[in-house]
Amino acid sequence: MNKKILVVGGAGYIGAHMVRQLAIAGCDVVVLDSLPTGSRKLVQVGEFIQGSLGDPSLLDRLFAEHAFDAVMHFAAFSQVGESMHQPLAYYRNNLAETVALLDGMVRHDVKRFIFSSTAAVYGEPVATPITEDHSCAPTNPYGNTKLAVERMLADCDEAYGLKYTALRYFNAAGADESAEIGELHDPETHLIPIVLKAADGLIDHIQVFGTDYPTPDGTCIRDYVHVNDLAQAHMLALDALLEGGESSIYNLGSSNGYSVREVIAKAERVTGKKIPVVEAPRRPGDPAILVASSEKIQRELGWAPAYDNLEKIIQTAWNWHLKQKMNE
Ligand code: UFG
């Protein structure tokens, strides 16, 4: 596919896996990232520009210089807990800067957009697995910002004919098989990388946030989906948009839910290590259960996730973890 794609936030965890897949597919990739949370070393292909999507003159330069076929937008703050304490940082970064990006696209007549949305738009589900027509009532500012962007996109389609795909990720996990790129947050807050640090003795224990949820073992249930399967879904969405497809919204998950305790047990199997656990209070903003139905994208775009079990996903994260340690 010989297309030119702007990947905003391409130095982040999911963006970097996307950049790699686009390059493998033969696309010409420009990455724009101001590196507030991303890492330069995760961008190993394409052109890298350090800058903000909220900078109109930089966007004007970029859009004038390159005839982009589409823009993919991964640049967001994404921690539910942090968003509860710093909502304005989330509204500024996730919403206001996206307004600037879309403004730039409209000024330069770029009309295809793929947006990283989230399961957090649904809030506490009333039916599981969650389908795309489930009501949206986020329980945290992070989810509110993502839902606001989705609504803005619908308005932009109506007003400017901007066609978009919003992909509602459930819990992204794992790393590329090469172990050359993977999850790299500082500080790390996500369950699987922290569990692996505890398995490796880099931290004393894993804290389990909440053991009194209405779930079989009392801990939160999430739907973990491999990061390269997410990237693959973007490729299909890109194809569909470039072929003249209409705007749409899809869930991306595996349809399987695992509790925090189950994730820890699987990580013990993969690593062969005992993982010390400390029970801790609930983390504000966490819904009890988030499990996706991804039937819509499978049916409409033919998405077929390659990673169908959590141990395989954790294995790729463990390989990345060990490689990182070797390189330190
Ligand atoms: N958890 C712990 N201990 C930890 C870290 C996490 O018990 O040290 C628990 C959390 O409370 C939660 C589960 O593990 O119940 C998963 O937590 P993560 O932080 O890994 O992921 P979240 O479910 O909070 O959020 C992720 C993304 C969001 C996205 C959401 C959608 O970070 O951007 O998935 O499901 F919205």
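A: Let's start with Arg-222: an N or O atom in its side chain is 2.8 Å from an oxygen atom of the ligand. Keep in mind that this is a predicted model. His-190 also has a polar side-chain atom 2.8 Å from a ligand oxygen. With Ser-78 it's the backbone that takes part, as one of its N or O atoms there lies 3.0 Å from an oxygen atom of the ligand.

Now for the domains. Domain 1 covers 4-173 + 224-252, while domain 2 is made of 191-222 + 255-292 + 308-323. Their C-alpha centres are 26 Å apart, and the contact takes 20 residues from domain 1 and 19 residues from domain 2.

How much area gets buried between the two? About 1600 Å², with carbon and sulfur atoms giving 69% of that. You won't find a salt bridge across this interface, as the count is zero, but five residue pairs are in polar contact between domain 1 and domain 2. On the domain 1 side, the elements that give two or more residues are helix H3 (80-85), strand S7 (171-173) and strand S10 (224-226). Sort that side by class and you get eleven nonpolar residues, eight polar ones and one charged.

Terms used
Residues numbered from 1 in each chain as written. Predicted model: local features only at pLDDT ≥ 70, side-chain atom pairs only at ≥ 80, totals over all residues. Heavy atoms only, no water. Domains from an automatic or database assignment. Contact = heavy atoms within 4.5 Å. Buried area = accessible area lost by both parts, 1.4 Å probe. Salt bridge = Lys/Arg side-chain N within 4 Å of Asp/Glu carboxyl O. Polar contact = N/O pair within 3.5 Å; in protein donor to acceptor, adjacent residues only side chain to side chain. Helix = DSSP H or I, 4+ residues; strand = E, 2+ residues; numbered from the N terminus. Nonpolar A, V, L, I, M, F, W, Y, C, P; charged D, E, K, R; others polar.
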